[in-house]
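Dear colleague,

Please find below the sequence and the structure that I am handing over to you. My notes on what was found follow directly after them.

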Amino acid sequence: MSKAWRNDGYAKVTGKARYTDDLLCMDVLHCVPVYTDFVHAKLHHIHTGKAEKMAGVKRVITHKDILGTAWFGQIFQDYFMLATDTIRCNGDVVALVVAASRQEAIAAAKAVEVVAEELPALTNPLEALDADAILVHQSKGSNLINHHKIRRGAPTAAWQECDTILERDYETAPVEHAYLEPEAALCIPRDDGVMEVHGSMQHPFSTRRFVAAILGTTLANVEVITNPMGGGFGGKDDTAAIVCARAALAAHLCGKPVKITYTREWSMRESYKRHPYHLHYKIGLKGTKIHAVECRIIADGGAYTSVTPWVTWRSTVQCCGVYTVPHVHADVYGVHTNNVFTGAFRGFGSPQVNFAVEQWIDECAAAVKMDPVRFREANMLRQNSVTITNQRLDSHIVSTAQVLDAVVSESDFANKVSACSYGKGEKLYGIGLALVYRGCSLGAEGMDFCSAIINAQFDGSILLDVGIHENGQGAESAMILLLEKHLGVTRERVRYNRPSTSHIPDGGTTVASRGTLMGGGAVMNAIRRLKEIIATALHAENGCAKEDVSFHDDRIWFGADSLSWEEAMKQMYLARTYPFAFGSFAAPRVSWNEETGEGDAYFSYVYSCQAVDLEIDAKTKNVKLLHVWAAHDIGSAVNPQMLKGQIYGGIMQGAGMALWEDLHQQAGCIQAKNFHTYRIPRTTDVPKIHISIIENDDPTSPSGAKGIGEPALELIAPAIANAVYRATGKRINSYPIQPKLKGMTL
Amino acid sequence: MNTMIVNREKITVPPAWEKRTLLDFLREYLHLTGNKNGCGIGVCGACTVLVDEVPRRSCITKVETVLGKQVLTIEGMEQNDGSLHPLQQAFLDAGAVQCGFCTPGMVLTSHALLLRNPNPTEEEVKQALKGNLCRCTGYVQIFDAVMKGAEFYRKKEGKTDE
C-alpha cells in the first residue's frame, strides 16, 4: 500500500501544530460568553456592575458596545452576536466578560445579572406553521424560513394508475458535529490598523465579513489567518465566525489581543446542529416501477436562518433518491422554533432524505415481491436519464450500476440476505444496503468559484495559494499533489502559503465536498497559465519551438534538452518575466425554478453505494456492526490514502448518527452537555470496512476529481436501518436507532 | 518534593500550580501545547500524557498527584536528533492523521500499549484506544499505524519481526 502524505503531517504528529488556543501572545486578555437559563424571553436589563468590579475584569460587553451591525447571516441577517431585546434560544449569548485571566473571566460571567420576562417557547417544529403559533421572530410575521417545491408530471391523476401505494413517516434527530477542538479565536489589533484574526473556523472569508461588519470597518481592514483546525464537518461556519467576531470586538474595545476558547459545554450548547427532519412520504408503484411520489418534509431550523434554505434545497433536489419518478409533488419547509439553531453539517440535507428513501425503496421492493437490488436496478437513474428536477444526466458518467454491482458482489449480498434472522434467534443477523447520488459542490445554492496563485521564486521554489480551507481532510496536500502531477515538480519544491484572506480572493467556503473540485479546478487553470508564461519567455533562448516546451521529472524541457527549475527560474528573472500565474475556476452554470422545482440543479453528481451487516443481541439489543462495503465514484483520486480516510471517517460519523448519537432537547434545552452523555463512535465500534474506489474522470472538473467528504457519510444510516430490519423483522423509521431498539420487544 | 520529570527534564513546580490540572500546567506554564483540551472531563483522550508510562487524562489530573513522577508528552516522543519516533512515522505513513487534534493523545496511548505489549492483536489495539476519541478518521488507519509501529517495539525488545 502506498504511503500517505500530507504537508501538515509532521507538525500534527509531533504536537508542533499550533491550533488557535495554542497560540501564545503577550498581554493577551481572555474573554468568555454569558448565557442565560431562558429559551424564549423578552430581555429587559443586563446588569454588569457587579461583574465589572470583580478581580481581573477589564470590561463587560453587551449589544450596546457593538460598533457596526449586530445582525448576521449568510442568507438572512437574523442571528445576533449578542442578544439585543429578545432571547430566542438557550444558546443565545447576552454578554461577554473580558479579564486578565480565563479563570477571572469565568468567575465574573456568573456575576452578570439578566432581567428578562419569560415567554412561552415554540419547540415543536410541527406546530411552527399553525395559525396561532408562537412567533420566534415577531418582525417576520411567520415561522416559515423557506418552502421549496417540486411539481413534476401530474401526481393527482397518477395515483389512479398505481397498483401499490405505501405511506410512511420518518423522523431524524439533531446531531452534534463533535469536532474534537471546541471553537476558539485570537484577535490582535495590529499597528497598521488591521484586525488580525486567528480562529478555529472553516470559512475565513465569511469570518472576515462577520468581523468587518461588527467593527463597522472594511474587508481590507481585517485579515483572517488560517491555523490548523481541530475538525469542522460543516460546523465551524456561522458559530465559529461569531466567536471570532466577538473576540475582535473585545480586542478593539480593549485595544489589546483577546482570546476566546470555548469549553465543550459552551460549544455543545451554542453551536448549530444538523437539522432534525419530519418526513412524510406517499409512494405509488405501477408494476415494479415507481410511478408517483408525494412528500412533505419539515426541517427544524431552530431560532436562526443560517443556511436552512440551502440545506433544505439539497433535500428537495434529492428527495426521491437516485431514481426515476415521472410524477412528483414535493413540499419542503424550513421553519423556526426556539430550539438551538441548525445549519451546515457534512451531508447537508441529504442524510435525512436518504434515510427515508432508501428504506421505502426496500419496502417497495418487498411489496412487489422483488429483490431489493433488482428493484433498484429497475428504477435507478442511468446514463441520459432525466432526474425529478428535469435534468438530463449526460454531462458525466452515471455510475449507479457500477457502484451497486461493486457492493453487491464484494459483500456477497444475495447469500447474506438469505442468512438474515428476521427476529429469530439469540444473535440476530442482518444486512442492508443503500444507493444514492449527490449533486457536486454548491449547485444553485450559491456563488461557486475559486482561485489559485502559483508564484515560482528565483531559486526554483514555488509558493502556492488556493482559496480553499484545510479542514483536516488534506485539502492543501491534494493541491500540492496536483502540482506534482500536472506541473511535473516534486512536492518538496512547493510551499503551501499559510492561507490569509488578504492574499487571495474569496474562494467561498470549503464545504459541500467542493475543496478538491473547485480548488483543484483553480490550480489546474493556474498551472496551464504558468506553463504558457514560462514557455513563451524561455523557448527561443533555449532553442526550441514554444510547443516543444514540457514540464516533467522536476525539470523544464526544451525538446530533448532540459533545465532544472533553479536554472529556469533564474532565466525567467533575467528575462524580467515573473513566473507567476493566477488561475480561477467557476462552476458551470446551474439553473433552478423555485415554482416548479425544475432545473439543472448541479453541474455534476457523484454516485455511491454502501452495504453493512450487523449482529444484534436479542437480550441486550446491542447492535454490533460487522462489515461495511463502500463503493464510491469520486471522479479521479488525487491522494488515495487521504481519500480512504474520508470514507472511513464518513462511515463512522454516519454510523454514530444512525445508531447512538442522541442530542435530544427538553423544552428547548440540549440535554447532552459533553462527551460523557453524547456518545460518538469509539474504536471498539469499528467494523471491517472494505472500500471500492471507482474513477470516472469528470469532464466538468479540470482535475477530473469530484468529492468524497459528504458522499461517505450520507448513506450508511439507511443501510443500517435496512440491516436492522432484516435482523429483527422490525422497521425503525427514526434515528438514533439503538435507543429505539432498547425500548422494543424483539 | 515539588519537582517532576517532564520529557526527561527535571521541572520545579511553583506552589501555585500544585492544585491546578496537569494539562493547564503543561500548556500554560511549560508551553507544551501539543496536549489538547477536547472535553475537560477526561472522556475524549486528547489531553492524554504518560505518567510513569501509563496513560493519564491530564485535564482531570492534579499536578500534586504527579510530583516525583515521570511525565511524557507528545513533545518528548521525538528522537534526540529531531527525527520522528517510528510510531509517529507510522501514523503519517498509514494516513492516520486528519485534523490532528486527537493525534498526540492517540500516539501516546499507543506508545504506552506497545511498551507493555509490542505484539498486540487488532482487538487489543481497539481496547487500548477505546478512551481516545477521533471524529475524522473512523479509526481504521490509526489501527494500521499502531500495528505497523509495533514492529519497532518488537525489534527493540530483540525479538524477531514475526
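How many of the five residues of strand β13 (residues 222-226) of chain A are buried? Four of the five are buried, so that β13(A) is mostly covered.

Before the remaining findings, a word on conventions. This is a predicted model, in which local features need pLDDT of at least 70 and side-chain atom pairs count only at pLDDT 80 or more, while totals for chains, interfaces and linings use all residues. Residues are numbered from 1 along each chain as its sequence is written, and chains are lettered from A and ligands numbered from 1 in the order in which they are written.

The terms are used as follows. A residue is buried if 20 or more other C-beta atoms lie within 10 Å of its own, exposed if 12 or fewer, and partly exposed in between, with C-beta atoms placed from the backbone. Helices (H or I, at least four residues) and strands (E, at least two) are DSSP runs, numbered from the N terminus. Two strands pair if DSSP finds at least two bridges between them.

Sheets of chain A

Strand β12 (residues 195-199) of chain A runs parallel to β13(A), joined to it by five bridges. In this pair, A:G199 stands opposite A:T226.

Chain A also has an open sheet of five strands with mixed pairing, in the order β9-β17-β16-β15-β10. Its edge strands, β9 (144-152) and β10 (164-171), each pair on one side only. Neighbouring strands are turned by 5° against each other on average, direction ignored (axes are lines fitted to C-alpha atoms, for helices over the stretch in contact, and angles run from 0 to 180 degrees between N-to-C directions). Within the sheet, β16 (residues 289-302) and β17 (residues 327-336) of chain A pair in the parallel sense over ten bridges, and A:A292 stands opposite A:H327. Helix α9 (residues 350-367) of chain A packs on this sheet, where it touches β10, β15 (277-286) and β16; its direction makes about 30° with that of β15(A).

One residue of β15(A) is A:K286. A:K286 is partly exposed, because 15 other C-beta atoms lie within 10 Å. Not counting residues up to four places away in sequence, A:K286 touches A:E161, A:C162, A:D163 and A:H291 (contact: C-beta atoms, placed from the backbone, within 7 Å). The C-alpha atoms of A:K286 and A:L215 are separated by 60 Å, the two residues being 71 apart along the chain.

Helix α6 (residues 238-254) of chain A has 17 residues and should span 24 Å at 1.5 Å a residue; its end C-alpha atoms are 24 Å apart, which agrees (the expected span is 1.5 Å times one less than the number of residues). Of these 17 residues, 15 are buried. Just after the helix, A:G255 takes a positive phi of about 65°.

The largest nonpolar core has 300 residues, and those with the most contacts inside it are A:V97, A:C244, A:A247, A:A248 and A:I720 (a core is a set of buried Ala, Val, Leu, Ile, Met, Phe, Trp, Tyr and Cys residues joined through C-beta atoms within 7 Å). Helix α14 (residues 515-538) of chain A gives the most to this core, with twelve residues. Leaving aside neighbours within four places in sequence, the contacts of A:I720 include A:G432, A:V612 and A:I737.

In chain B, five strands form an open sheet of mixed pairing in the order β2-β1-β5-β3-β4. Strands β2 (9-12) and β4 (54-57) stand at the edges with a single partner each, so one side of each is left without a neighbour in the sheet. Here neighbouring strands are turned by 35° against each other on average, direction ignored.

The contact between the chains takes 42 residues from chain B and 43 residues from chain A. On the side of chain B, two or more residues come from each of α2, α3, α4 and α5, with the largest share, five residues, from α2(B).

Helix α5 (residues 140-156) of chain B has 17 residues and reaches 25 Å from its first C-alpha to its last, close to the 24 Å expected. Its buried residues, among them B:F143 and B:Y153, pack against α16 (640-659) and β30 (688-694) of chain A together with α2 (86-94), α3 (103-116) and α4 (122-128) of chain B.

With kind regards

Definitions and conventions. Two residues are in contact if their C-beta atoms, placed from the backbone, lie within 7 Å.
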